[in-house]
Amino acid sequence: MKTLDSMEVKLSVVDTRLNRKVEYGMLASFYVSLLTDRQLSVIRLYCNEDLSYGEIGEQLGISRQGVSSTLLRSFDKLDQLEKDLGLAKAFYKLTELSSILSKINTDDPSLIRAKQIVLSMISAEEEKHGI
């Protein structure tokens, strides 16, 4: 019989894996031009399509080990790119700032202009990265 604690641990692991997939899928959209075609294909199939290593290998004609190696190298590369460039972090800070600014009600032209600038920056980044 499974205990509640063991079920919670398993749910936590599943949640962590899901968050990781979402995170790397988003990072890939920011750094798409810095990934190889194979890295991008494997990441998209794994993160966006939720395919298993075997299913990805079948589609791309590579082994499960090849899929695993490509994902590990790709995730390492994405982590390093984000550490060095911080594009995703900057984008999320902009969206947080936009949220804060949208809650401020004022007729101050400077604040209204700041809101417009932040929203246009977010829109440009969303368009550029397909978010």
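**Exercise 1.** Decide whether Asp-50 is buried or exposed, and then examine its salt bridge.

*Solution.* Asp-50 has a relative accessibility of 52%, so it counts as exposed (buried is under 20% relative accessible area, exposed over 50%, partly exposed in between, with a 1.4 Å probe and protein chains only). The model is predicted, with local features needing pLDDT of at least 70 and side-chain atom pairs pLDDT 80 or more, while totals for chains, interfaces and linings use all residues. Residues are numbered from 1 along each chain as its sequence is written, and side-chain values use heavy atoms, without hydrogens and water.

Next, Asp-50 forms a salt bridge with Lys-21, whose closest N and O atoms are 2.3 Å apart (a side-chain nitrogen of Lys or Arg within 4 Å of a carboxyl oxygen of Asp or Glu). Because Lys-21 lies in helix H1 (residues 4-30) and Asp-50 in the loop between H2 and H3, the pair ties together parts that are 29 residues apart in sequence. Lys-21, at 14% relative accessibility, counts as buried.

**Exercise 2.** Describe how helix H2 (residues 37-48) packs with helix H3 (residues 53-60).

*Solution.* The two helices, H2 and H3, pack at an angle of about 135°, with axes 10 Å apart. That makes H2 oblique to H3 (under 35 degrees is roughly parallel, over 145 roughly antiparallel, 65 to 115 roughly perpendicular, and the rest oblique). The contact (heavy atoms within 4.5 Å) is made by residues including Val-42 and Leu-45 of H2 and Ile-56 and Leu-60 of H3.

Key: Axes are lines fitted to C-alpha atoms, for helices over the stretch in contact, and angles run from 0 to 180 degrees between N-to-C directions. Helices (H or I, at least four residues) and strands (E, at least two) are DSSP runs, numbered from the N terminus.
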